[in-house]
Amino acid sequence: MPVNRTFSTAPMMDWSDRHCRMFWRQLTRNTLLYSEMVTTGALLHGQRERFLQYSDEEHPIALQLGGSDPKALAECARFAEQWHYDEVNLNVGCPSDRVQNNMIGACLMAHPQLVADCLKAMRDACSIDVTVKHRIGIDDQDSYAQLCDFVGTVAQSGCTTFIVHARKAILQGLSPKENREIPPLKYELVYQLKRDFPQLEIILNGGITTHEQCAEHLQHLDGVMLGREAYHNPWILAEADQRYFNAAANPVTDRIDVLRALLPYIEQQLSQGATLHHITRHTLGLFNGLPGARQFRRHLSEHATRKGAGTDVLEQALSRLTVPA
């Protein structure tokens, strides 16, 4: 089946791991979920299974790669296909110093032909969708003409899906967190990209916090991607199937049911060596704004990290909620 990117969650380091995605999947059946960025070095020289393993229920799921060597990226794209990911994505947006030093992430925007070579190698190596996620510019290379040159060059690889974070990245002087907040959002530039490249699938990322904003952006673009909002306020995902995927109804209407549906997965993961905190840390925002939410978060934060913590800790946390969720 072709991948539907009308609504997706963003790849987020230390956040969008397999436990987080499995939690999100209880809220939405159809939203495309992206992995954390995984470097080619980690897959080629590290514990490959640890980085690639996921649960079948997570589909549709995309693997995001970090790297700049076409040969290495091609090999990792093959891994993505072998592990039955629905898409493999190249990161050309991460601004951290650590990845810059390895020619990974946003710094690649200064090298559009290399990005095109990488994507072509990935496309030649696998039959699943190959996509790219990038910024609208970097440092002083932030004109619309330069953005068009980048997209035009990269599109020559045969890549047709561009996920655009509508902020530029300032590679020297701002932290990754500041790069997600300080450079201004310029949605109109992304809208213009779609007008100038109508044959490409253009997905918007950056600063989206409501479904109303999504609806506005979807009047101009092919899809929207939520990052931090989906993580901090995950209940927003419960409306996605009905709003964007023609589902007859939301898959869930009760937040407590969401976590109870996750219990078999938690038991399985605990039996395989995971700690409760590794899973429940992603759920802390589920009850935001409801009576007892603070007590719920506090109980999990204090007890889920303890050795031997089991699902009873989660049940105790749920009991702190004072009204039906």
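Reader: Which residues in α4 meet which residues in α6?

Author: In this predicted model, P70, L73, A74, A77, R78 and E81 in α4 meet L114, D117, C118, A121, M122 and A125 in α6, where a contact means heavy atoms within 4.5 Å. By class, the residues of this contact divide into nine nonpolar, no polar and three charged.

Reader: How is the packing of α4 and α6 described, and what is the hand of their crossing?

Author: Two packed helices are described by the angle between their axes and the distance between the axes. For helix α4, residues 70–82, and α6 the angle is about 35° and the axes are 8 Å apart, and the crossing of the two is right-handed.

Reader: Why is α6 called roughly parallel to α7?

Author: Helix α6, residues 112–125, and helix α7, residues 144–155, pack at an angle of about 30°, with 8 Å between their axes. Angles under 35 degrees count as roughly parallel, and therefore α6 is roughly parallel to α7. The crossing in which α6 passes α7 is right-handed.

Reader: What makes up the contact of α6 with α7, by residue and by class?

Author: On the α6 side the residues are P112, Q113, V115, A116 and L119, and these meet F150, T153 and V154 in α7. The contact has six nonpolar, two polar and no charged residues.

Reader: How do you know whether α13 is roughly parallel or roughly antiparallel to α16?

Author: Helix α13, residues 255–271, packs with helix α16, residues 311–318, at an angle of about 165°, and their axes are 10 Å apart. Angles over 145 degrees count as roughly antiparallel, so α13 is roughly antiparallel to α16.

Reader: Which residues of α13 and α16 meet?

Author: I256, L259, R260, L263, I266, E267 and L270 in α13 meet T311, L314, E315 and L318 in α16, and the residues of this contact divide into seven nonpolar, one polar and three charged.

Reader: What is the volume of the largest pocket, and what lines it?

Author: The largest pocket has a volume of about 670 Å³, and among the 28 residues that line it, P11, M12, M13, R135 and R180 are the closest to its centre. The elements that give two or more residues to this lining are α5 (97–100), β5 (129–135) and α11 (228–232). By class, the lining of the largest pocket has 11 nonpolar, 10 polar and seven charged residues.

Reader: What lines the second largest pocket, and which element gives the most to the lining?

Author: The second largest pocket, with a volume of about 570 Å³, is lined by 21 residues, of which D17, R18, H19, E36 and R50 lie nearest its centre. At least two residues of the lining come from each of α1 (18–25), β2 (33–39) and α3 (48–52), and β2 gives the most, with four residues. This lining has five nonpolar, nine polar and seven charged residues.

Reader: What is the omega of the peptide bond that joins H59 and P60, and is the bond cis or trans?

Author: Omega is about 0°, and the bond that joins H59 and P60 is cis. P60 lies in the loop between α3 and β3 (61–66).

Reader: What is the phi of D14, and where does this residue lie?

Author: Phi of D14 is near 70°, a positive value in a residue other than glycine, and D14 lies in the loop between β1 (7–9) and α1.

Technical notes: Residues are numbered from 1 along each chain as its sequence is written. This is a predicted model: local features need pLDDT of at least 70, side-chain atom pairs count only at pLDDT 80 or more; totals for chains, interfaces and linings use all residues. Side-chain values use heavy atoms; hydrogens and water are left out. Axes are lines fitted to C-alpha atoms, for helices over the stretch in contact, and angles run from 0 to 180 degrees between N-to-C directions. Angles under 35 degrees count as roughly parallel, over 145 as roughly antiparallel, 65 to 115 as roughly perpendicular and the rest as oblique. A crossing is left-handed if the near helix is turned anticlockwise from the far one by less than a right angle, and right-handed if clockwise. Ala, Val, Leu, Ile, Met, Phe, Trp, Tyr, Cys and Pro count as nonpolar, Asp, Glu, Lys and Arg as charged, and the others, Gly among them, as polar. On a 1 Å grid over the protein atoms alone, a cavity is a set of points where a 1.4 Å probe fits but cannot get out, and a pocket is an open set with protein on both sides within 12 Å along at least five of seven lines; lining residues have an atom within 4 Å of a point. Grid points are joined across faces, edges and corners, and a volume is the space filled by probe spheres set on the points.
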